[in-house]
Amino acid sequence: MSSRTQQHALLHLAVLVLFAAAAPFLANAQPAAPDQTAAVCTDPAADGACHNVPKALRLKLIAIPTILVSSVIGVCLPLFSRSVPALRPDRNLFVIVKAFASGVILATGYMHVLPDSFNNLTSPCLPPKPWGDFSFTAFVAMLAALSTLMVDSLMLTFYNRRAKQGGASASGAAVADHESPAHGHWHGHGHGHGDIVVAAENADVAKPDGDEASKVQLRRNRVVVQVLEMGIVVHSVVIGLGMGASQSVCTIRPLVAAMCFHQLFEGMGLGGCILQAEYGARMNSALVFFFSTTTPFGIALGLALTKVYRENSPTALIVVGLLNAASAGLLHYMALVELLAADFMGPKLQGSVKLQLLSFLAVLLGAGGMSVMAKWA
Ligand SMILES: [Zn+2]
């Protein structure tokens with residue numbers, strides 16, 4: 001099926017982006033400019049008594065499998081909920097689990113990624129001339145949110161066009177009408193040319209008897225998961241990289257446990273979104289694999305680059321800071337527009353105040369939990 005090849009192509013693209021992000025660290029091995037802040041900015045042994053290379057290495061080697069396992073558990077937990085009858089997509093509990101997941105994603109953007117970016121780009125180790133004059137973090141985050149909107153909108157058009165080409169000219173005049181009242185803000189994209197487009201879906205999607213609106217929604221959920229995974233993965237690699245490159249036992253030791261919980265929680269957030277994309281086992285395991293391996297990959301990368309990578313070198317600060325800012329904007333848009341607004345303005349939650357309040361509580365719980373985690377990683 002061509003949509004599967006496209007999804008794979010997307011994943012490959014994401015991997016490429018990751019490696020491209022890592023490349024500058026390899027390329028730029030020179031230490032920071034030696035000036036008054038040089039002591040803080042370049043000296044790897046600045047952490048004094050905590051500096052212990054073999055002990056740090058042992059901790060990192062323990063961290064890799066532990067974090068890997070907790071990531072897998074976290075992201076699979078919502079997926080296995082499929083087999084629990086109370087968690088079927090049409091049940092209320094499912095909506096609440098999704099709301100929790102959205103809260104986690106939102107807090108990842110606001111509480112983990114955005115402050116990191118501010119810290120990176122306002123670091124005293126950076127030359128104050130361009131970096132102190134202008135809030136690059138806010139600017140890049142804003143641009144990223146807008147770009148996500150653009151990519152999102154174009155991808156939907158692309159999906160719809162392809163469905164139009166692939167599908168037969170089924171009779172669908174009534175479909176557009178049928179689709180519009182059921183869904184919140186997003187239906188407008190497909191709506192304009194909806195009569196042919198939506199009907200053509202019949203040929204393509206797994207459930208031939210499902211109604212067209214839910215197919216459009218499903219396609220949307222799939223776009224969301226792919227974009228979301230990219231945004232989350234940036235943070236996962238960056239925190240892994242930080243740990244991998246650190247030689248301070250005092251920093252690493254508490255970080256191992258914190259990052260396990262971090263990945264467990266974030267995995268639950270992502271898992272909730274993967275669940276609603278209703279992929280097959282192969283795509284699901286690809287998404288799980290991709291998410292779970294990124295932090296261990298980051299640690300391994302940090303280990304490999306220990307000699308050349310300095311967390312406080314200008315290059316690392318700028319690259320990581322800009323990546324974090326972009327990822328914050330992306331997560332902000334995704335969590336608020338695609339996940340929360342889409343659900344809260346949707347027919348299911350609009351139909352019940354009680355469910356709305358419960359979902360809101362779940363959002364607060366997810367966001368609160370992830371915010372607490374921000375204290376460590
Ligand atoms: Zn974090």
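**Exercise 1. Locate leucine 68 and decide whether it is buried, partly exposed or exposed.**

Solution. Leucine 68 lies in helix α3; helices (H or I, at least four residues) and strands (E, at least two) are DSSP runs, numbered from the N terminus. The structure is a predicted model, in which local features need pLDDT of at least 70 and side-chain atom pairs count only at pLDDT 80 or more, while totals for chains, interfaces and linings use all residues. Residues are numbered from 1 along each chain as its sequence is written.

Next, apply the burial rule: a residue is buried if 20 or more other C-beta atoms lie within 10 Å of its own, exposed if 12 or fewer, and partly exposed in between, with C-beta atoms placed from the backbone. Leucine 68 has 19 other C-beta atoms within 10 Å, so it is partly exposed.

Then list its partners. Two residues are in contact if their C-beta atoms, placed from the backbone, lie within 7 Å. Not counting residues up to four places away in sequence, leucine 68 touches Ser292, Thr293 and Pro296. Phenylalanine 291 is 223 residues from leucine 68 in sequence, yet 9.3 Å away C-alpha to C-alpha.

**Exercise 2. Treat glutamate 311 by the steps used above.**

Solution. Glutamate 311 sits in the loop between α12 and α13. It has 17 C-beta neighbours inside 10 Å and therefore counts as partly exposed. Beyond four places in sequence, glutamate 311 touches Gly242, Ala245 and Ala316. Serine 246 is 65 residues from glutamate 311 in sequence and 8.2 Å from it in space, C-alpha to C-alpha.

**Exercise 3. State which residues of the largest nonpolar core touch the most other members.**

Solution. A nonpolar core is a set of buried Ala, Val, Leu, Ile, Met, Phe, Trp, Tyr and Cys residues joined through C-beta atoms within 7 Å. The largest one has 85 residues, of which Val104, Ile105, Leu228, Cys273 and Met334 touch the most other members. Helices that each supply at least two residues of this core include α4 (92–121), α10 (212–245) and α13 (314–344).

**Exercise 4. Describe how α10 packs against α4 and against α13.**

Solution. Two packed helices are described by the angle between their axes and the distance between the axes. Axes are lines fitted to C-alpha atoms, for helices over the stretch in contact, and angles run from 0 to 180 degrees between N-to-C directions.

- α4 and α10: the axes come within 11 Å and cross at roughly 35°. Ile105, Thr108, His112 and Val113 in α4 meet Leu228, Ile232 and His235 in α10. This contact has four nonpolar, three polar and no charged residues, where Ala, Val, Leu, Ile, Met, Phe, Trp, Tyr, Cys and Pro count as nonpolar, Asp, Glu, Lys and Arg as charged, and the others, Gly among them, as polar.
- α10 and α13: the axes come within 9 Å and cross at roughly 145°. Residues of α10 in this contact include Leu228 and Gly231, and those of α13 include Ser327 and Met334. The classes are ten nonpolar, four polar and one charged.

**Exercise 5. Find where pLDDT stays under 50.**

Solution. pLDDT is the predictor's confidence in each residue, from 0 to 100. The protein averages 78, and 75% of the residues score at least 70. pLDDT stays under 50 over residues 13–35 and over residues 168–209. Where pLDDT is low, the predicted coordinates should not be read in detail.
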